[in-house]
Amino acid sequence: MRRGKLLVLPAMGWLGLFFALPLLIVVVVSFASRTAYGQVVFQWNLENYLRFLEPLYLKIFAFTLGTAFITTLWTFAMGYPVAYTIAMILPKKWQQAGIILVMIPFWINFLIRSYSWVIILRAQGLVNTFLLHFGFIEKPLGLLYNNTAVLLGMVYGLLPFMVLPIYVSLEQMDKRLLEAASDLGASPFTAFRKITLPLTLPGVAAGSILVFISSLGMFVVPDIMGGAKSSLMGNVIQNQFLAARDWPFGSALSIILALLSLVMIILYYKALEAQKGGKQHEEKLA
Amino acid sequence: MKEMIRLMGITKEFEDELIIPTLNLTIYDGEFVTLLGPSGCGKTTMLRMIAGLETPTQGHIFLDNEDVTHLAPYKRNVNMVFQHYALFPHMTVEENIRFGLLMKKVPRKEQQKRIADVLQLTQLEELRYRKPQQMSGGQQQRVAIARALVNNPKVLLLDEPLGALDYKLRKTMQLELRNLQQRLGITFIYVTHDQEEALTMSDRVIIVNGGRIEQDDPPARIYQYPRSRFAASFIGENNFFPLPDDDSRLLSVRPQFINVCALDDKERKGPEPFHTGTIEQILFCGTFDKLFIRLDDSRDMVTAYQYYEDYRKWSVEDRVGIWWNTQDGVQVTK
């Protein structure tokens, strides 16, 4: 038993070296300052965090939160029916195929998938060429390089993160409960509203957290599909590190995002625990 | 007696497999009917068809003289107690019970009254704000019954409702259920594979085998006069002996009616033994001993229960003879 514990050491070492240590460095750098040429100097101050409170950054932050929120709503609205169809409507033997279809996009690099949206949506792209050719429009539509395009790219990219947890919770739900509901006089729709939906909320919450947190830090999609017009926190951070060479400020912004994500994950677990409170009680009884 | 349920020419196929070949059955108002059979015999499917959870391939189902064959379960005035209770885990006891009343849009005031009544009936008043996971199996069982009963169904369907409970609790609940049914006068259709349960609770026992009704009689008749070898061996234990002049039938004799005598006992009373044999094994069963006797002629095994003065009297390898009173032998089909 004690020997077995040694087996976790490689993983611990790996995580410590490549996760905990870099994170620590980011924390340290976020309290440092920089020289005019972008050199990090270790003069401790809170300047970087205070700079976040400037209206410019607060506005971007609010916009990022809003975008993440709307992305989450859309992935939920589109993801739940997909998960429901796979888990509840498809015959058992097709479920696996359905889940694989949802996951196939993961096999292709996200960057490449984002560029393919550019090919589809740009002025000489697939959609515009088609519409022009058949005379639906006179000149190309501006489908790309706006907030809608960013939203579309984010919803597209993050949809599987919503579908999979919801699918799992639907899959785990005791289907006999629906028979019981029907037996007690509930129409299929009412049974969904009163039984299925409440019982799969943990899956919805898990999916929402995954999507929301991923949207907060997203910079590839706004970079490629949003053009210069739309900027999210992710882009600002990226800029601080690569263009502005202000590592301390970039680190501070990263820490702020990380803390926000952490708070949400804690809230999620608290909510889950409150729901599971009954289960623990049951164990005590037994 | 008023007819409550009539199954007419019902058949049921699952993926081209015939589960129930033509079934006809009538159940009367206020009856406690038990469908008894081994697992996979089709008894649960019959129950689910009455509930509307399965649709028969052919035939018609009448509930209180109304054809409900294709009526969705949520439109039928029957309720089911599920094998694993199927209580809604996100609702309290009271919310579980209220569910059916909400669905039928029963006025708030009447809801309260009916819930209070049924909570009292099932002795769940103290537990009304608990969630199912916070309760024992027996308590959950009572919630499942309360949740069904509160709707005042014409028929209550029970699918092995006591299967998950331990032996003692099962005994208590059997009694409670039987008393409940007699007090309420609702038709109960009860599915079980436990023959003892069927005998002690029901007005009528229907033995199901391979989707067919093997025998349909009151419990005492089922036990005393089984019609077929299957019925005779499924209910209690039985011994079978060939009949000399009838190839299609067998003679069945219950182990408690088998008399055992020592072959070397010169003072033994009773007739000349019908068969002789050797005791191969003895099981101590508390109130009686169970003997397994290998017959000399047919090499068949015969089971005999020994009570009172014969209790604890035998040992393995004893040479014995067996006989029985002719009225204790029942002829059954093979």
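Glu13(B) sits in strand β1 of chain B, which covers residues 3–14. This is a predicted model. The relative accessible area of Glu13(B) is 36%, so this residue is partly exposed. Glu13(B) also belongs to a surface patch of negative charge.

Arg212(B) counts as exposed, because its relative accessibility is 52% and the cut-off for exposed is over 50%. Leaving out residues up to four places away in sequence, Arg212(B) touches Pro21(B) and Ile207(B). Thr22(B) is 190 residues from Arg212(B) along the chain, yet their C-alpha atoms are separated by 7.7 Å.

Gly270(B) gives another pair to look at. This glycine is in the loop between β13 (259–262) and β14 (275–284) of chain B. At 49% relative accessibility, Gly270(B) counts as partly exposed. Gln58(B) is 212 residues away along the chain. The C-alpha atoms of Gly270(B) and Gln58(B) are separated by 57 Å.

Now turn to a helix of chain B. Helix α2 covers residues 93–103. Nine of its eleven residues are buried, so the helix is largely enclosed by the rest of the structure. Among the buried ones are Val93(B), Ile97(B), Phe99(B), Leu101(B) and Met103(B). The buried list also includes Glu94(B), Asn96(B), Arg98(B) and Gly100(B). What covers them? The cover of the buried residues of α2(B) includes elements from both chain A and chain B. From chain A come α9 (176–183) and α10 (188–217). From chain B come α3 (108–121) and α4 (137–149). After α2(B) comes Lys105(B), which has a positive phi, near 55°.

Chain A itself has 13 helices and two strands. Its C-alpha atoms fill a box of roughly 75 × 70 × 40 Å along the principal axes. Of its 286 residues, 39% are buried. The accessible surface of chain A is about 17100 Å². Carbon and sulfur atoms account for 72% of that surface.

Thr72(A) lies in helix α4 of chain A, residues 55–89. Its relative accessibility is 9%, so Thr72(A) counts as buried, the cut-off being under 20%. Which residues are in contact with Thr72(A), leaving aside neighbours within four places in sequence? They are Met162(A), Ser208(A), Val211(A) and Phe212(A).

Charged pairs come next. Side chains of opposite charge can pair when their charged atoms come close. Over all chains, the count is 21 salt bridges. One of them joins Asp246(A) and Arg51(A), at 2.8 Å from N to O. Asp246(A) lies in the loop between α12 (233–242) and α13 (247–285), and Arg51(A) lies in helix α3 (residues 47–51), so the pair ties together parts of chain A that are 195 residues apart in sequence. Asp246(A) is buried, at 7% relative accessibility. Arg51(A) is partly exposed, with a relative accessible area of 26%.

Chain B has a salt bridge between Glu31(B) and Arg204(B), with the closest N and O atoms 2.8 Å apart. Glu31(B) is in the loop between β2 (17–28) and β3 (32–36), while Arg204(B) is in strand β9 (residues 204–209), so this pair ties together parts 173 residues apart in sequence. Are these two residues buried or exposed? Both Glu31(B) and Arg204(B) are buried.

Asp296(B) and Arg319(B) form another salt bridge, with the closest N and O atoms 2.9 Å apart. Asp296(B) is in the loop between β15 (289–295) and β16 (301–306), and Arg319(B) is in strand β17 (residues 319–323). The two are 23 residues apart. Asp296(B) is partly exposed at 29% relative accessibility. Arg319(B) is partly exposed too, at 41%.

Last comes a link between the chains. Glu179(A), Arg48(B) and Glu54(B) are joined in a network of salt bridges.

Methods. Residues are numbered from 1 along each chain as its sequence is written. Chains are lettered from A and ligands numbered from 1 in the order in which they are written. This is a predicted model: local features need pLDDT of at least 70, side-chain atom pairs count only at pLDDT 80 or more; totals for chains, interfaces and linings use all residues. Side-chain values use heavy atoms; hydrogens and water are left out. Patches are made of residues with over 30% relative accessible area and no salt bridge: like charges are joined within 9 Å, nonpolar side chains (Val, Leu, Ile, Met, Phe, Trp, Tyr) within 5 Å. Accessible areas come from the Shrake-Rupley method with a 1.4 Å probe; for residues, only the protein chains shown count as cover. A salt bridge is a side-chain nitrogen of Lys or Arg within 4 Å of a carboxyl oxygen of Asp or Glu. Lys and Arg count as positive and Asp and Glu as negative; His and the chain ends are not counted. The place of a charge is taken as NZ of Lys, CZ of Arg, CG of Asp or CD of Glu. Helices (H or I, at least four residues) and strands (E, at least two) are DSSP runs, numbered from the N terminus. Buried means under 20% relative accessible area, exposed over 50%, partly exposed in between (1.4 Å probe, protein chains only). Contact means heavy atoms within 4.5 Å.
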